[in-house]
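Work through the exercises below with the sequence and the structure open. Try each task before reading its solution.

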Amino acid sequence: MDSRSKNEVTVQGIAASQGIAYGQVFVYIQSDITVPSYQVEPDKRIEEVARFEQALLVTRQQIAKIQSEVSKNLGPEEALIFDAHLLVLEDQALIGETIREFQATGRNIETCFNQVSQRYIKAFSEIADEYLRERASDLRDVAQRVLQNLLGQAENSLSRLADKRIVVANDITPSDSASIDRSAALAIVTDSGSRTSHAVIVARSMKVPAVVGVRNLTTRVQNGDWAIVDGYDGVIILNPTESTLFRYGKIQERKKSFESRLLEANRRPAVTLDGVSVPLLANIEKMDEVGLVQEYRAEGVGLYRTEYLFLNSSRVPSEQEQFLAYKGVAEALAPNPVIIRSLDLGGDKPMAGNPDLFPKEDNPFMGFRAIRFCLEHRDIFKDQLRAILMASAYGKVQLMYPMISGHEELARANAVLTECMQELKERGQPFDENLSIGAMIEIPSAAMTIDLVARDCAFVSIGTNDLIQYLLAIDRVNDRIAHLYEPTHPAVIRTLKQIVDGAHRHKIPVSVCGEMAGDPVYAPLLLGLGVDSLSMAPSWVPAVKYVIRAMTMADARALAEEALTMSSPREIQAKCDAFYRARVEME
Ligand code: PEP
Ligand code: MG
């Protein structure tokens, strides 16, 4: 049946990235691979081996394609890691043993390949030599692909979207989102998640509309169904009628004309009506977003999330690989600042295929994450710190640590940094000896002890995504409680004020780089509370600049002062909405 003849159905989710898309659905279900086991008849055995060879060939082609895309988008050095993957596919021991196992047992080739590759993975992961241990991750990644191809599951891969499609997924992991084909995803819709899950942050930076928390949608749609995704109001309309399409066409026209007004105004500086300049910086994940930073006229990078370099790969990138990536961004944006955040893996960003580095945890957001991981895996941490230091010779690089819980942890991280500086000096490697160091304030304990933390850093940047999650005890990716995730909760507003005042007493500037900073409804409140600069997805700069240019700082301070006296999150939200609407008219 043509899906356009089905009934129109409206489904409400959570608006996560603005924009409207209309198109056909591609359903992406993530699941662990279950390998079926069965006996192959003797007369089918030649065919079975041919099936294996075909799967190896397809896998080789897929990896070569990803390698050439990564090389184009991130640079040839980043693409080198796929050479190791291609080598796995040439490994005669692995292939020969699989075929011998098959000939001896007659079990289907998936079962034999799975057994042999698991044996190799186990052997590699137990070797003391780090280089050889890394081969276990390469093998795991490639084995996964070969199995998917044998089982005909490869068409689910997000990197292989053939046509422009609305991706409807049960969940999108950060490594999925790193591999999404940007030109083919019309919109992203997920059953789970909330506004601050990392997949959404990526969608926003890709300027793709996104709606999350649409429970069970994957079970209600089929590949090829037609849908409208309204990323402004968080609505999905399945099988829209002609009149709905017409109505959405009108809405889209209006939004487009507002957006062109925003872009026009974006050429001018971010200065309030009473003459206060507000630095607006960009959050980026990847090297290829540098173009967006320039296009949207952000004054540098306020948050470079380096995890994506790691999530794109099944092994830890080397110091040299990281150096080239950071140097690329620093050079491209010099003399503007680039604040590189040290690794924030863990939480909802575990490194795929590395259960030895990231064992499964019941409570990952409260677990082995970010600076905790780095201080325990000092070799990985030091490689990154040296890479950042080396890049600092090529632009205005600054460094900040994520998830700092207090002064002692910051001091421990700084001690490792000092060691790295010493090592580079011994190597004669140039770097910025006055590198500015910042701490992210996203754990309540750091906010409460801001006076202590501020002694050992040159700036702080508030990660509201995590700070709100920890203050309100609301898992930021759990759609069941997403409605309780309230940026305007009095506890949040008071904590922000406490951080700003504490940091200012120590004469250090405060930035906000969580999603709140890129929301034009909250930006005036943050600035009114005394925040000095804001960092956001590049495409949000125009909307935030627009409201800044339409307000006075005096009014923003009055808004913040009033908010600090209020008791209800909803009332504070209404105040912020009214402040915004009074200054920015969309029509
Ligand atoms: C935050 O927590 O607000 C933040 C910017 O960091 P991330 O979203 O990467 O955890
Ligand atoms: Mg965070």
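A residue counts as buried under 20% relative accessible area, as exposed over 50%, and as partly exposed in between, with a 1.4 Å probe and protein chains only. The model is predicted, so local features need pLDDT of at least 70 and side-chain atom pairs count only at pLDDT 80 or more, while totals for chains, interfaces and linings use all residues. Residues are numbered from 1 along each chain as its sequence is written, chains are lettered from A and ligands numbered from 1 in the order in which they are written, and side-chain values use heavy atoms, with hydrogens and water left out.

**Exercise 1. Describe the protein as a whole.**

Step 1. Take the secondary structure: the protein has 24 helices and 16 strands. Both are DSSP runs numbered from the N terminus, helices being H or I with at least four residues and strands E with at least two.

Step 2. Take burial: 57% of the 587 residues count as buried.

Step 3. Take the contacts, meaning heavy atoms within 4.5 Å. Among those between residues at least 6 apart in sequence, 70% join residues at least 24 apart.

**Exercise 2. Find which residues coordinate the magnesium ion (ligand 2), and state whether Asp466 is buried or exposed.**

Step 1. Look for donors, which are N, O and S atoms within 2.8 Å of the metal (3.2 Å for Na, K and Ca); water is not among the atoms, so sites may look incomplete.

Step 2. Glu442 (OE) and Asp466 (OD) coordinate the ion, at 2.0 to 2.2 Å.

Step 3. Apply the burial cut-off. Asp466 has 2% relative accessibility and counts as buried; Glu442 is buried too, with a relative accessible area of 2%.

**Exercise 3. Describe the surroundings of ligand 1.**

Step 1. Collect the residues with a heavy atom within 4 Å of the ligand. There are 17 of them, and the closest are Arg305, Arg341, Gly463, Asn465 and Arg476.

Step 2. Sort the shell by element: α19 gives the most, with 3 residues.

Step 3. List polar contacts of the ligand, pairs of N or O atoms within 3.5 Å. One oxygen atom of ligand 1 lies 2.9 Å from an N or O atom in the side chain of Glu442. An oxygen atom of the ligand is also 2.8 Å from a polar backbone atom of Asn465.

Note on methods. A polar contact is a pair of N or O atoms within 3.5 Å; within protein, one must be able to donate a hydrogen and the other to accept it, and residues adjacent in sequence count only if both atoms are side-chain atoms.
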